[in-house]
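Hello,

Here is the structure I promised to pass on. Please load it first, then read my notes below.

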Amino acid sequence: MITAVILQARLDSTRLPRKALLDLGGKTVLTRVMQALSEVSADMYVLACDAASEEYFAPLAAECGFICIAGPKEDVLSRFCQVIRKVGAVTILRATGDNPFVFHEAAEASLKRYATLVKDGRKIDYFTFSGLPHGSGVEVMDGRSLLRAETMTDSSWDREHVGPALYNHTDEFVCVREPAPESWYFPSMRTTIDTKEDYDRAVLMYRYLSGHGISFPPSVSEIVAAWSYATRPVVCIPSVSEGQGTGHFVRIGSLVRSLRENWQISVYVPPDMEIPFSIPEDIASCVVHSLPARAHLIILDHFQTDSDQMERLSSIGPVVALDEGGQGRARADYLLDIIPALGRQRIGANRRDHSFIPLPKNRRMTLPDTVRTVLVVAGGENASGLARPVADMLVLLNYDVTVVDPAASGLQRTSTSLVISGPIENLREKLCHYDLVVTHYGFTAIEAAAAGCRVLLFAPSRYHYRLGREYGFQVLPVDRISLNAIEKMLRTPYTPPFVPGIGSVQCDLVSEMIRLAGGSRNSCPFCGNSVRPRILYRAPDRSVARCSSCGMIYLHFFAGSTSAYTKSYFFEEYRSQYGKTYLEDFNAIRGDGLKRIQIIDTIQKHSLPHLEPTQKSLLDIGCAYGPFLDAARFRLWRPFGTDINEDAVAYVRDTLGISAVVSSFPAPDRDMLLDSNRFAAITLWYVIEHFQDLEPVFRRIRKLLIPGGILAFSTPSATGISARTNLRRFLERSPTDHYTIWSSSHVRKQLIRYGFTVQEIRSTGHHPERFPGAGAIKANSLLWKILYMTSRLFSLGDTFEVYAVKNGDLEDIDS
């Protein structure tokens with residue numbers, strides 16, 4: 001039986017004319033598609049086009065070992081059937097000509113999986129892996145089934161797109177969609193070429209592959225890396241204003257040099273700005289004078305950014321702000337404080353770590369006993385003009401002085417004791433050659449301390465003076481720099497400042513930026529709003545915010561590791577938290593389930609009074625090992641479960657004897673069993689907070705739930721005693737896979753958005769010992785009972801349950 005790869009393509013395209021012939025690394029887009037598909041094992045390779053495209057495509061097809069067969073332009077189903085009849089193909093792998101980055105490994109696996117299913121005796125008409133990028137997947141079909149479908153459908157959609165002729169008619173054809181393996185599962189990726197934006201992305205992807213010496217066709221991992229490069233531009237914004245030094249630009253330059261190989265990186269400098277220093281040639285090629293419409297990450301090293309500027313930048317992409325001291329600080333998505341500074345304590349940083357300061361590798365082992373050699377440097381600008389006057393005073397004190405003058409070039413010895421130097425390349429590594437470094441507060445001061453030099457600061461402003469004193473430096477008074485003052489200061493016993501010193505270990509700022517670039521910023525998972533969130537809590541791996549629109553507390557920015565819901569989650573991890581495994585706790589959880597199903601029963605009698613016993617179907621999303629499903633069955637419901645954990649679903653099915661499927665809700669299950677059912681109740685017990693985007697979740701729940709049906713869920717509470725008394729500690733202890741933290745005071749209004757009316761809210765999880773000052777009270781003591789009753793009376797439980805009804809009547813069931 002012949003297996004054929006059939007690639008459909010045509011020359012004209014409404015959104016991107018002649019896209020098949022566009023250049024992609026010296027070959028046409030269509031050629032690149034055929035190169036990728038040639039990696040798939042098949043008996044025959046066919047390019048199925050329309051008559052108008054044949055003269056352009058036939059030579060390209062022949063070059064790649066494809067047969068070019070022309071057919072109808074709009075009726076692609078008939079075009080495929082024409083090929084099937086002509087070549088006698090039984091198994092068809094369908095691909096399209098605008099997908100040069102097809103996962104050829106997945107295509108090969110699709111054919112093998114289809115063959116395995118057929119060999120096992122199943123009648124399969126259609127197979128595909130779900131979750132592949134848009135533009136990287138293929139479909140496998142039974143050619144005989146396509147011939148039959150051609151005679152059955154008049155739908156223009158079916159005939160244009162081929163696959164729907166089978167999977168839109170599951171009463172006639174058996175269609176299987178299996179979730180792609182994790183290494184191929186990238187449902188949010190887009191690799192197809194349908195628009196100019198798509199083509200520009202493809203060109204960038206090819207540039208990345210070519211730059212890394214990767215030949216075509218690339219592997220899955222190489223395509224993913226290229227896509228990340230093309231779709232995740234990083235914009236660096238350094239301070240270039242006069243009077244703010246060059247340290248911010250130097251730090252950005254160092255990051256750019258390290259990141260640009262694997263990241264599409266640019267340095268934004270405002271147009272028409274007069275920069276008081278020279279930009280290195282290797283960085284100049286990355287400089288842009290306009291901000292992009294969208295960025296994956298903005299690294300802001302701007303010294304001071306106002307609120308309006310920060311809001312504008314945040315609308316472009318997530319902002320990681322380094323040492324931000326402006327009014328916009330509170331609105332940055334992530335704050336990293338590296339240089340010791342004043343005034344930032346009012347708005348805490350996600351991370352405060354001085355070890356990210358680039359420290360010299362060349363260091364003295366001990367501080368100098370006496371001072372002979374002195375370096376005077378006032379930054380790349382010397383904006384204060386203090387370097388030369390200070391150097392002249394030090395010469396009068398009989399020191400050997402080198403002073404850095406940004407306007408000078410080379411070395412100029414003006415006397416036996418004074419050398420004027422132009423900018424010193426790689427100054428950081430040469431500081432250790434001096435006994436004393438005289439500078440103002442900034443990078444050089446801290447680097448000199450780490451190099452083992454004695455450090456004396458002059459202060460261009462009172463702010464610089466306060467900074468130096470705050471961190472233990474010797475600082476000359478503002479406006480009172482004199483020979484006597486310097487001499488007196490140098491006679492004072494020297495104590496190292498409170499900054500990284502000789503033995504300090506440096507952390508890698510590049511690695512930290514890569515970690516943060518791998519993070520994600522979320523809009524409000526409930527309402528989708530992303531405008532002016534108020535950040536409530538900052539930690540090294542996350543920022544938690546309150547939505548300015550709906551009031552939901554949610555995970556705003558996250559750059560940490562996620563939990564895997566493997567078998568160990570319910571056993572080892574569960575035991576470490578609760579002292580027993582999930583299955584050992586099964587009966588207790590089932591007992592809670594019986595209370596919940598009784599509430600659902602009561603509501604059902606009012607919302608669905610005429611529901612027949614056979615119609616009492618219930619879906620439990622995130623059913624785990626099924627204790628609630630078992631409780632629902634006991635109360636004569638027809639339970640159905642879904643969970644992402646295969647071991648848990650197998651237990652529910654095989655041990656409890658209850659129907660269940662593996663599914664990452666709201667994605668469909670493998671056999672699409674959920675879509676063939678409607679439910680009178682849907683429940684999510686401590687599950688709803690795990691969804692990153694709730695809009696598709698509620699949309700699917702509404703689709704599966706009959707009008708008048710019941711939605712019930714439980715979740716941690718933002719209005720419980722723990723959150724009320726210490727919100728910071730509550731958020732600190734909140735698991736990082738909780739994308740939302742619900743409030744019982746907001747939930748009624750919130751659920752109206754999705755067409756639900758709340759019937760009952762139950763405050764649960766009452767913990768008297770969590771009241772302030774009650775940590776040591778004994779359980780069941782008089783005080784414990786008083787606090788327990790107080791918690792129940794005022795709904796101060798740390799969790800709560802919601803029971804709501806879908807608006808509508810049974811007559812609306814098909815609407």
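F66 is buried, at a relative accessible area of 5%. This is a predicted model, so treat every value here as computed from it. Y45 is buried too: its relative accessibility is 18%, under the 20% cut-off. The rings of these two residues form a pair. Their centres lie 5.5 Å apart and the planes of Y45 and F66 meet at 50°, so the pair counts as tilted. Y45 sits in strand β4, F66 in the loop between α2 (51-64) and β5, 21 residues apart.

A second pair joins F526 and W742. It is edge-to-face, with 5.5 Å centre to centre and 85° between the planes. The two residues are 216 apart in the chain. Both F526 and W742 are buried.

The whole structure holds 28 aromatic pairs. There is also a cluster of Y569, F570, F571, Y574, Y578, Y582, Y625 and Y651. Two arginines sit over rings: the charged end of R18 is 5.1 Å from the ring centre of Y56, and that of R177 is 4.5 Å from the ring centre of Y167.

Now the sheet. It is open and mixed, with 7 strands in the order β5-β4-β1-β6-β8-β7-β9. β5 (67-71) and β9 (175-179) are the edges; each has a single partner strand, so one side of each lacks a neighbour in the sheet. β7 (residues 126-130) runs parallel to β9, joined by 5 bridges. F129 stands opposite E178 in β9. Helix α1 (residues 29-37) packs on the sheet and touches β1 (2-8), β4 (44-50) and β6 (89-96). Helix α3 (residues 76-87) packs there as well, touching β1, β4, β5 and β6.

Best wishes

Note on methods: Residues are numbered from 1 along each chain as its sequence is written. This is a predicted model: local features need pLDDT of at least 70, side-chain atom pairs count only at pLDDT 80 or more; totals for chains, interfaces and linings use all residues. Side-chain values use heavy atoms; hydrogens and water are left out. Two strands pair if DSSP finds at least two bridges between them. Helices (H or I, at least four residues) and strands (E, at least two) are DSSP runs, numbered from the N terminus. Contact means heavy atoms within 4.5 Å. Axes are lines fitted to C-alpha atoms, for helices over the stretch in contact, and angles run from 0 to 180 degrees between N-to-C directions. Rings of Phe, Tyr and Trp (its six-membered ring) pair if their centres lie within 6.5 Å; planes under 30 degrees apart count as stacked, over 60 as edge-to-face and the rest as tilted. Buried means under 20% relative accessible area, exposed over 50%, partly exposed in between (1.4 Å probe, protein chains only). A charge sits over a ring if NZ of Lys or CZ of Arg is within 6 Å of the ring centre and within 35 degrees of the ring normal.
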